[in-house]
Amino acid sequence: QVQLIESGGGLVQAGGSLRLSCAASRRTGSIFAMGWFRQAPGKEREFVARINWSGGYTAYADSVKGRFTVSKDNAKNMVYLQMNSLKPEDTAVYYCAAARLTWSKVDDWGQGSQVTVSS
């Protein structure tokens, strides 16, 4: 099991930026991909972005394409989510996620970071 520790959430005005960070507790050699999901009040958890640990392939939800960027630092076992041009509808708890074999099955979750965007 990989422990994922998130940081960087907070309150920002619409149009502003935030960066989320996620630290993996041990070597990520067995990880296929890491990324982010989010869950707004009263809604289901939804995919936001992911990055393959080897090779760096990235994928994004349509709602965040062109505004959010997922990146990683293999040496530090870190993954990041840079969020620009934030909108009130981006308000949610953001969860870091790690999958060992396939992105269709997430194996480990972070504790969640609140992101609130005011209009």
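Contact means heavy atoms within 4.5 Å. This is a predicted model: local features need pLDDT of at least 70, side-chain atom pairs count only at pLDDT 80 or more, and totals for chains, interfaces and linings use all residues. Residues are numbered from 1 along each chain as its sequence is written, and side-chain values use heavy atoms, without hydrogens or water.

**Exercise 1. Thr 91**

Task: Find which residues Thr 91 is in contact with, leaving aside neighbours within four places in sequence, and what its side chain reaches at 2.9 Å.

Solution: 
1. Locate the residue. Thr 91 lies in the loop between strand S8 (78-83) and strand S9 (92-99). Strands (E, at least two residues) are DSSP runs, numbered from the N terminus.
2. Pick out the side-chain distances. The Thr 91 side chain reaches the backbone oxygen of Pro 88 at 2.9 Å. The Thr 91 side chain also reaches the backbone nitrogen of Val 117 at 2.9 Å.

**Exercise 2. The open sheet**

Task: Give the strand order of the four-stranded open sheet and name its edge strands.

Solution: 
1. Apply the pairing rule. Two strands pair if DSSP finds at least two bridges between them.
2. Read the order. The sheet runs S1-S3-S8-S7, with antiparallel pairing. S1 and strand S7 (68-73) are the edges, each pairing on one side only. Neighbouring strands are turned by 15° against each other on average, direction ignored. Axes here are lines fitted to C-alpha atoms, and angles run from 0 to 180 degrees between N-to-C directions.
3. Check one end. Four bridges join S1 to strand S3 (residues 18-24). Glu 6 has Cys 22 as its bridge partner in S3.
4. Check the other end. Six bridges join S7 to S8. Val 70 has Leu 81 as its bridge partner in S8.
5. Sort the faces of S1 (residues 4-7). Leu 4 and Glu 6 form the covered face, Ile 5 and Ser 7 the uncovered one. In a regular strand, side chains alternate between the two faces of the sheet.

**Exercise 3. The whole chain**

Solution: 
1. Count the elements. The protein has zero helices and eleven strands.
2. The C-alpha atoms fill roughly 40 × 25 × 25 Å along the principal axes.
3. Of contacts between residues at least 6 apart in sequence, 53% join residues at least 24 apart.

Terms used. Buried < 20%, exposed > 50% of the residue type's maximum accessible area, 1.4 Å probe, protein only. Polar contact = N/O pair within 3.5 Å; in protein donor to acceptor, adjacent residues only side chain to side chain.
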